[in-house]
Amino acid sequence: MERKIRPDTAKIIGKSSRFWMICAILIIGILCSTVLGAWAHGKIQKTSGQLGKLNPQLEQIKTDYQMAQQNLEELENAVNSSQEYQQKMQEIQQQFYQLIPQIDQKAQENPNVKVAYLTFDDGPSGTYTPQFLEVLKEHHILATFFVVGNQVEQHPEIVQQIQQQGHTIANHSYSHDFNKVYSNPTAFINDIEQANNAIEQACGQRAKIIRFPGGSATAKGQFPAIKELLNQKGYTYVDWNASCGDGRSGYTGDQLYQNTVNSIHGNNRVTILMHDRSQATLDALPKIISYLEENQYLILPLTPDQQMVQQKK
Ligand SMILES: [Zn+2]
């Protein structure tokens, strides 16, 4: 038989169980807050202990930072003075450049004065040109680099390096493609202009001296029309009257050196053709320089107002 609970009794039971539930919650609450409080206290103590340890480190970091700031200021000052130094060097270089045509003139008037112009075609080469620049720097020599536009686009930083070292940057066409540049005189001048745009893009200056791919004789019947266009655009061109012969591969450095000496042939004014694109030429270069210096040649870079060696006039 089902036991019936009277509604009043049910109410009393309900009330007393709610009372005990509230008591239990209160007790649990007090216990929890005590435990949490103790944990938090420990945590704070631990953290402040850690902070205490960190303080000397923070001090050190602060000191290091101040020192770094001071170093930075010193570095900025040094950079500024190096900019001043570079500016001064550029001024001296400009003065030197302005003197070259006069030196050239004097040299021509005096047959005892020997002058040599080292010219490097078909670069810049990512592998070789920086090494050529190093050799020239070691010997304190300025030369002329006839760069090819499509190579300039690949190595603009090397063109900048050539410029910074004070060498003359000259134009040896954009494509160096005989079929293209000698298809007609306009194609030739367009190719030269394209190369000059690449040069300007790389180092901020335009070249005034050009060298025909293969030399001016390669232009054959188109030469007079090309020359006319070059004059209109304010270009001057130069060929060579001595060569190391590295247009053909297979020579050793010693052979290229010997070729050069043979082709100079005692001439007092030599524009020497070389290419900054091979190990053999790089090997020959210091010997060629020594030969020229021992034989009292003045080694100069080309400047636009000089008397140029021209095969075809
Ligand atoms: Zn060439």
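## Lys114 and its surroundings

In this predicted model, Lys114 touches Asn268, Asn295, Gln296, Tyr297 and Leu298, leaving aside residues up to four places away in sequence. Lys114 belongs to strand β1, which covers residues 114–123. Lys114 has 19 C-beta neighbours inside 10 Å and therefore counts as partly exposed, since a residue is buried only if 20 or more other C-beta atoms lie within 10 Å of its own.

Lys114 and Ile299 are separated by 185 residues in sequence, yet their C-alpha atoms are 8.7 Å apart in space. Ile299 is also among the residues touched by Ala116, together with Val270, Ile272, Leu292 and Tyr297, again not counting residues up to four places away in sequence.

## Overall organisation

The protein chain contains nine helices and eight strands. Of its 313 residues, 30% are buried. When contacts in the chain between residues at least 6 apart in sequence are considered, 79% of them join residues at least 24 apart.

## The largest nonpolar core

In soluble globular proteins, nonpolar side chains tend to be buried together. Here, the largest nonpolar core comprises 61 residues, and those with the most contacts inside it are Ala116, Val159, Ile169, Ile199 and Ile272. Helix α6, residues 185–203, supplies the largest share of this core, with eight residues. Two of the residues named for their contacts, Ala116 and Ile272, touch each other.

## Helix α6

Helix α6 has 19 residues, and the distance from its first C-alpha to its last is 27 Å, close to the 27 Å expected at 1.5 Å a residue. Its buried residues are Phe188, Ile189, Asp191, Ile192, Ala195, Asn196, Ala198, Ile199, Ala202 and Cys203. An α-helix has 3.6 residues a turn, so residues three or four places apart point the same way. The buried set of α6 includes Ile192, Ala195 and Ala198, as well as Asp191 and Asn196.

Gly204 follows α6 and has a positive phi, near 80 degrees.

## Packing of α2 against α4

Two packed helices are described by the angle between their axes and the distance between the axes. For helix α2 (residues 129–138) and helix α4 (residues 156–164), the axes come within 10 Å and cross at roughly 10 degrees. The two helices are therefore roughly parallel to each other, because angles under 35 degrees count as such.

Thr129, Pro130 and Leu133 of α2 make this contact with Ile158, Gln161 and Ile162 of α4. Classified by residue type, the contact of α2 with α4 has four nonpolar residues, two polar residues and no charged residues.

## Backbone geometry in the loops

Most residues other than glycine have a negative phi, and most peptide bonds are trans. The peptide bond from Gly123 to Pro124, however, is cis, with omega near 0 degrees. Pro124 lies in the loop between β1 and α2.

Lys220, a residue other than glycine, has a positive phi near 45 degrees. Lys220 is located in the loop between β4 (209–210) and α7 (223–232), and with 9 other C-beta atoms within 10 Å it is exposed. His265 is likewise not a glycine and has a positive phi of about 50 degrees. His265 is found in the loop between α8 (253–264) and β7 (269–275); its 9 C-beta neighbours inside 10 Å place His265 in the exposed class.

Definitions and conventions: Residues are numbered from 1 along each chain as its sequence is written. This is a predicted model: local features need pLDDT of at least 70, side-chain atom pairs count only at pLDDT 80 or more; totals for chains, interfaces and linings use all residues. A nonpolar core is a set of buried Ala, Val, Leu, Ile, Met, Phe, Trp, Tyr and Cys residues joined through C-beta atoms within 7 Å. A residue is buried if 20 or more other C-beta atoms lie within 10 Å of its own, exposed if 12 or fewer, and partly exposed in between; C-beta atoms are placed from the backbone. Helices (H or I, at least four residues) and strands (E, at least two) are DSSP runs, numbered from the N terminus. Two residues are in contact if their C-beta atoms, placed from the backbone, lie within 7 Å. Axes are lines fitted to C-alpha atoms, for helices over the stretch in contact, and angles run from 0 to 180 degrees between N-to-C directions. Angles under 35 degrees count as roughly parallel, over 145 as roughly antiparallel, 65 to 115 as roughly perpendicular and the rest as oblique. Ala, Val, Leu, Ile, Met, Phe, Trp, Tyr, Cys and Pro count as nonpolar, Asp, Glu, Lys and Arg as charged, and the others, Gly among them, as polar. The expected span of a helix is 1.5 Å times one less than its number of residues.
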